[in-house]
Amino acid sequence: MSVVVMGTGMHPWGKWGRPFLDYGVAAAREALKDAGLAWTDVQFVVGADTIRNGYPGFVSGASYAKALGWSGARVASCYAACASGAQALDIARTRILAGLCDVALVIGADATPKGFFKPVGGDRPDDPDWLRFRLLGATNPAYFALYARRRMAVHGSTPEDFAAVKVKNALAGSLNPMARYRERVTAEQVLASPMVADPLHLMDICATSDGGAAVVLASEGYARRHGGTRVRLAAVSTVTPTFPNTVLELPDFATDSRATEPPPGHRPFRAAIAHAAYEEAGLGPQDVSLAEVYDLSTALELDWMEDVGLCPPGEADKLLRDGQTALGGRIPVNPSGGLASFGEAIPAQAIAQLCELTAQLSGRAGPRQVDDARVGLAANQGLFGHGSAIIATR
């Protein structure tokens, strides 16, 4: 038995100033229309939570079900930071695989504050995320910049390499009607934009956005009887780190000590996220036709390319410079335009990535279409050890 994606839907990313439910309901209705189903056909609803939008955001599954019209469908809600969407997908997929339902609707949407994210309100000295802002001063841009500096020191990457990532993703985003930023940019424009956290300029860092995404998942038998997209959800990875985890992962301030433990013989956390998905799907990096990765910053896209196995450590820059990761290249990375073109709408991100994989694998991506796309990978990590990777196949 397998789970297939019958339909996908999105609300365009932007700053719209409306409740998050508006974006989620719009995306859900588009997904149902794409699947050729009615809301009353849905047996199970999973909402990826948003913690900035009051109590309805914490119980998003029920909030969406109420907004769509109480139908008696079973419901679940989940929060896992940026991995929320992937965990919501996994909950729905698991219920279908268990034979407890045939068709499920997964929804994520967010309405974000102006500017970069800050801690949730209140004084919480036992909260690592609160502490990293208040004690370390590590805002998200500073966190991204630390990774960029590490990459420059370890692999010799340059600000020009980072700018080239933005240029590539902006070109892809200009072709995506759901993207917030749809203007092409030059490397000179990126490097001339204001410095936010050295070495990252404003155009190197993703914005915070309003937006929504939804997918209809179904058992293969149900999809066969009702028609719809024939894209298979082959794997969802939600692994946690393995001790010792010696690469810093904020909001933690320090890594596990090597003073009493030998260097780890296992893969680092981010690499383990994707490789667990490969193992589940029975595939490897060599099988991937395209990848959607977590480009919170331009530098992080290069790290993720290596983490998901598209190239050995230190070689992502060369793939980028050779045009291999651009549209028309050997292995397009972020053909949707990535977070560079969308910005963060946290509960919707992993679901939106699956929407892009589905469009590509079903040949419906229009001018962004990757030739002969057969296997798509998405990676979208959440803080606090939440792994998030998805593999979809044609």
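Q: What is the strand order in the open sheet of this predicted model?
A: The open sheet has 9 strands in the order E3-E2-E4-E7-E1-E8-E11-E10-E9, and their pairing is mixed.

Q: Why is one side of strand E3 and of strand E9 left without a neighbour in the sheet?
A: E3 (74-78) and E9 (290-292) each have a single partner strand, so they stand at the edges. From one strand to the next, the twist averages 25°.

Q: What makes strands E4 and E7 a pair?
A: Pairing takes at least two bridges. E4 (residues 103-110) and E7 (residues 210-219) have 8 bridges, so they qualify, and they run in the antiparallel sense.

Q: Why is strand E2 called mostly covered?
A: Of the 5 residues in E2 (residues 44-48), 5 are buried, and buried means under 20% relative accessible area. In a regular strand, side chains alternate between the two faces of the sheet. Here both faces are covered, with Phe-44, Val-46 and Ala-48 on one side and Val-45 and Gly-47 on the other.

Q: What covers the buried residues of helix H3?
A: The cover includes H1, E2, helix H2 (54-58), E3 and E4. The buried residues of H3 (residues 60-68) are Ser-60, Gly-61, Ser-63, Tyr-64, Ala-65 and Leu-68. After H3 comes Gly-69, with a positive phi near 115°. As for helix H1 (residues 20-35), H1 lies across E1 (3-14), E4 and E7, at about 140° to E1.

Q: Why is Ala-83 called buried?
A: The cut-off is under 20% relative accessible area. Ala-83 has 0%, so Ala-83 counts as buried. Ala-83 sits in the loop between E3 and helix H4 (84-97). Leaving aside neighbours within four places in sequence, its contacts are Asn-380, Gln-381, Gly-382, His-386, Gly-387 and Ser-388.

Q: How do you know whether Gln-381 is buried or exposed?
A: Set its relative accessible area of 7% against the limit of under 20%, and Gln-381 is therefore buried. Gln-381 belongs to the loop between strand E10 (375-379) and strand E11 (389-393). Beyond four places in sequence, Gln-381 touches residues including Cys-82, Ala-83, Glu-249, Phe-269, Trp-304 and His-386.

Q: What makes up the lining of the largest pocket?
A: The lining has 33 residues, of which Tyr-79, Ala-81, Asp-129, Arg-132 and Leu-383 lie nearest the centre of the pocket. Helices H5 (128-134), H6 (140-155) and H11 (298-307) are the elements that give two or more residues, and H6 has the largest share, with 4 residues. By class, the lining has 20 nonpolar, 4 polar and 9 charged residues. The space in this pocket is about 630 Å³.

How values were computed. Residues numbered from 1 in each chain as written. Predicted model: local features only at pLDDT ≥ 70, side-chain atom pairs only at ≥ 80, totals over all residues. Heavy atoms only, no water. Axes fitted to C-alpha atoms, helices over the stretch in contact; angles between N-to-C directions. Contact = heavy atoms within 4.5 Å. Buried < 20%, exposed > 50% of the residue type's maximum accessible area, 1.4 Å probe, protein only. 1 Å grid on protein atoms, 1.4 Å probe; cavity = no way out; pocket = protein on both sides within 12 Å on 5 of 7 lines; lining within 4 Å. Points joined across faces, edges and corners; volume = space filled by probe spheres on them. Nonpolar A, V, L, I, M, F, W, Y, C, P; charged D, E, K, R; others polar.
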